[in-house]
Amino acid sequence: MKGSGTYESEIDKELNRRLDVVLRDGYDDPARADISRWELVLWFGAAVLIAVITVVMKSGG
Amino acid sequence: MAMSETNFTGASSEYGTLPVLKEERQLGLFDHSLVNIGIAVATWAFLLGGTTAMFVGAWDGIAAIIIGNIIGVSIVSVSVCLGTSKYGVEQFTFARSVFGRVGVLLLVCIFLAIYGVGWSSVLSIMFGRAISEVTNSTMATGIGPNDIGVTWLAMVAIVVSWVLLWKGPTAVKWLNRIVGPGKLILCAGILLLLFGEKSWSTIAAAPALQPFDDPKTNFMVAVEINLAASFGWWPILGNISRFTKTPRAALWPNLVGIFAAAVVGETIGLLAALSLGNFDPTAWMIPLGGAVIGCSVLLFIGLANITAIVSIFYGMCLAMRQAGGRYFENIPWGILTGALFIPVIVVSFFPAQVYDKFFVFLAWTALGFAPLSGVTAVDYILLRRGRVNTRDLYSDAPEGDYAFWGGVNWIAFVALFVGGIVYYALFNPMSLTAHNALFNWISASVPSCLVAGLVHYVLTKRFLRGSRTGGYPA
C-alpha cells in the first residue's frame with residue numbers, strides 16, 4: 001500500500017481495513033451498483049430538452 | 001477520546017481521503033438535494049445574476065442562465081458524481097485514475113488553489129460588504145465598499161467558516177437543513193419586494209448595465225459566464241456525492257439542487273440588478289426593503305455565504321490531503337484547514353481588484369474546468385466503462401494501474417491543453433471579447449469541453465488500450 005517503508009501508520013492500517021471491507025466478495029452496498037444506461041440517456045435527454053425549449057422560447061419571444 | 005483523535009486526522013472518511021463504508025453514507029435524494037440547494041443559492045448566485053445583467057436584459061438573461069447552467073451541470077455531474085459515489089472515494093484520489101498520482105498534485109496546485117482561494121475571497125469580501133452595509137445603516141459607521149473595515153469583516157467570515165469546517169460535513173449538513181430552505185424563503189422575499197416596487201414590464205424593459213455593441217455577443221457572453229459558473233462546480237460536487245446512498249441519489253439532486261436552485265437564485269439576481277441598476281447584491285437590500293428588512297436580509301446572506309465557503313474549503317482541504325500524502329494525512333484537520341485559509345485572508349485585503357472584477361476570474365476558471373469536465377467524463381464513462389481499481393487508486397507503487405509515466409498521465413494533460421487552446425481561440429477571458437466569430441454560435445466552454453474529451457478518448461484508445469499502463473480495458 002502507501003509507501004514501501006516498514007512504518008505503517010494508523011492511516012495505512014485504516015485504509016487497508018476499509019479496502020478489505022469494500023473489496024470483499026458479497027459486500028452489499030447499494031451505492032456500488034452501476035447506474036443504468038437508460039438513466040444516463042434520460043439525464044442527458046432532460047438536459048437537452050430544457051436547453052432546446054429555452055432556445056425555442058427565446059427565438060420565438 | 002481515541003475516537004475524536006481519529007476523526008481529526010486523515011484516518012477517517014469524512015476528514016480524509018479513505019473509502020466511505022456503507023454505514024457512513026448519509027445522503028439520500030432528499031438530503032443531497034438540500035445540501036446542493038444550500039451551496040447553489042448562495043449569494044454567488046445573486047452575484048452571477050447581477051453580472052449577467054451587465055450584458056443582457058431580463059428575457060435574454062433568463063435564457064442565458066438556463067442554457068449555461070443546464071449544459072454545465074449535466075456534464076459536470078456525470079463527470080465527478082458517479083465514480084466518487086460508487087466507490088466512495090474522495091474526488092482527487094479518484095482523479096488519480098485519470099491524471100496519475102503526481103498528475104493530481106499538479107491539478108490541485110494549479111486549479112484548486114486558484115479556484116478555492118479566489119471564490120472564498122469573493123464570498124468573504126461579499127460578507128464584509130453585506131455586514132458593513134448593516135453597520136452603516138444601524139450604527140452610522142460609514143465603511144466604504146473597499147475600505148479596510150470590509151476586510152476586517154471578511155476575516156470574521158473566514159474565522160467562522162474555519163470553525164464550522166473543523167466540525168466537518170456533518171455540521172454543514174445540519175446547518176444546510178436550516179440555511180438551505182431559508183435561502184429559498186429569502187429568494188421569495190426579494191421577489192416580493194422587487195415586484196412590490198416595480199412591474200414586470202418595467203423590469204423586462206430595463207436595459208443591460210454595461211453591454212457591448214453587438215447583441216449576439218452580449219447574449220453569448222452571458223451564456224459563457226453561466227457556463228463558467230456551472231463548470232466551476234467540478235471541484236465541489238464529487239466530495240459531496242461520495243456520501244450518497246445510491247447512484248440515483250448521486251445524480252438527480254444536481255438537477256434539483258444545483259441547476260434549478262442556481263437558476264432561481266441567479267434570475268432573482270438578474271432582475272434585482274436590472275431593477276436597481278447595480279450588479280452588487282450587497283447594494284440592493286436596504287434600498288429594496290428599508291433598514292430593518294434590508295439589514296435582516298444582509299445578515300442572513302452573510303450566514304449563507306459562510307456555508308458556501310465551508311463547502312468550497314472542505315473539498316479543497318481533502319484534495320490537499322490527498323496530494324500531500326502521508327505528511328498531510330497526519331496533520332490535524334483543524335490546523336490543515338486553518339493554514340489553507342491564510343491566502344484567503346491575504347487576498348481579502350484587495351476587495352476592489354477581487355470582487356469588482358470577479359467575472360474575469362470566473363472566465364479564466366472556465367478555461368480550466370470545461371476541458372477538465374470533458375476529460376474526466378470521457379475517462380470514467382466511455383474509456384473505463386464505470387470500473388476503476390480501488391486498491392490501485394491508493395497505491396504509490398510504480399507497477400500500479402495508475403502509475404502511468406512517472407506518475408503522470410500526459411495524455412490527459414495534452415487533452416486539457418488542447419481544450420484550453422480551443423477556449424482561448426474562441427474567447428478572451430481577460431477582456432470578455434470574442435477571438436473568433438464562431439464564439440457567438442457555439443460559446444467557448446462547450447467546444448473546449450468536447451474537444452478535450454475527444455482528444456483524451458482518441459489518444460487513450462491509440463496508445464493505452466489493452467496495455468498495462470492506465471488499467472484501461474481492452
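**Exercise 1. State in which helix of chain B R462(B) lies, and whether R462(B) is buried or exposed.**

Step 1. R462(B) belongs to helix α23 of chain B, residues 445–463. Helices (H or I, at least four residues) and strands (E, at least two) are DSSP runs, numbered from the N terminus. The model is predicted, so local features need pLDDT of at least 70 and side-chain atom pairs count only at pLDDT 80 or more, while totals for chains, interfaces and linings use all residues. Residues are numbered from 1 along each chain as its sequence is written, and chains are lettered from A and ligands numbered from 1 in the order in which they are written.

Step 2. A residue is buried if 20 or more other C-beta atoms, placed from the backbone, lie within 10 Å of its own, exposed if 12 or fewer, and partly exposed in between. R462(B) has 9 other C-beta atoms within 10 Å and is therefore exposed.

Step 3. From C-alpha to C-alpha, R462(B) lies 34 Å from I67(B), and the two are 395 residues apart in sequence.

**Exercise 2. Describe chain A and its contact with chain B.**

Step 1. Chain A contains 2 helices and 0 strands. Of its 61 residues, 11% are buried.

Step 2. Two residues are in contact if their C-beta atoms, placed from the backbone, lie within 7 Å. The contact involves 30 residues of chain A and 36 residues of chain B.

Step 3. On the side of chain B that touches chain A, two or more residues come from each of α4 (58–87), α13 (247–251), α15 (285–329) and α20 (390–393) of chain B. The most come from α4(B), which gives 11 residues.

Step 4. By class, this side of chain B has 15 nonpolar, 12 polar and 9 charged residues. Ala, Val, Leu, Ile, Met, Phe, Trp, Tyr, Cys and Pro count as nonpolar, Asp, Glu, Lys and Arg as charged, and the others, Gly among them, as polar.

**Exercise 3. Determine how α4(B) and α19(B) are arranged.**

Step 1. α4(B) packs against helix α19 (residues 358–383) of chain B at an angle of about 50°, and their axes are 8 Å apart. Axes are lines fitted to C-alpha atoms, for helices over the stretch in contact, and angles run from 0 to 180 degrees between N-to-C directions.

Step 2. Angles under 35 degrees count as roughly parallel, over 145 as roughly antiparallel, 65 to 115 as roughly perpendicular and the rest as oblique. α4(B) and α19(B) are therefore oblique to each other.

Step 3. A crossing is left-handed if the near helix is turned anticlockwise from the far one by less than a right angle, and right-handed if clockwise.

Step 4. Residues of α4(B) in this contact include I75(B), V76(B) and V78(B), and among their partners in α19(B) are S373(B) and T376(B). The contact comprises 8 nonpolar, 4 polar and no charged residues.

**Exercise 4. Follow α8(B) through its packing with α7(B) and α16(B).**

Step 1. Helix α7 (residues 101–139) and helix α8 (residues 148–167) of chain B pack at about 115°, with their axes 7 Å apart. Their crossing is right-handed.

Step 2. This contact of α7(B) with α8(B) has 8 nonpolar, 5 polar and 1 charged residues.

Step 3. α8(B) also crosses helix α16 (residues 333–340) of chain B, at roughly 150°, and the axes come within 9 Å. This crossing of α8(B) and α16(B) is right-handed.

Step 4. W162(B), L165(B) and W166(B) of α8(B) meet W333(B), G334(B), T337(B) and G338(B) of α16(B).

**Exercise 5. Locate A140(B) and F404(B), and state whether each is buried or exposed.**

Step 1. Most residues other than glycine have a negative phi. A140(B), although not a glycine, has a positive phi of about 50°. F404(B), also not a glycine, has a positive phi of about 50°.

Step 2. A140(B) is in the loop between α7 and α8 of chain B. A140(B) counts as exposed because it has 7 C-beta neighbours inside 10 Å.

Step 3. F404(B) is in the loop between α20 and α21 (410–426) of chain B. F404(B) counts as buried because it has 24 C-beta neighbours inside 10 Å.
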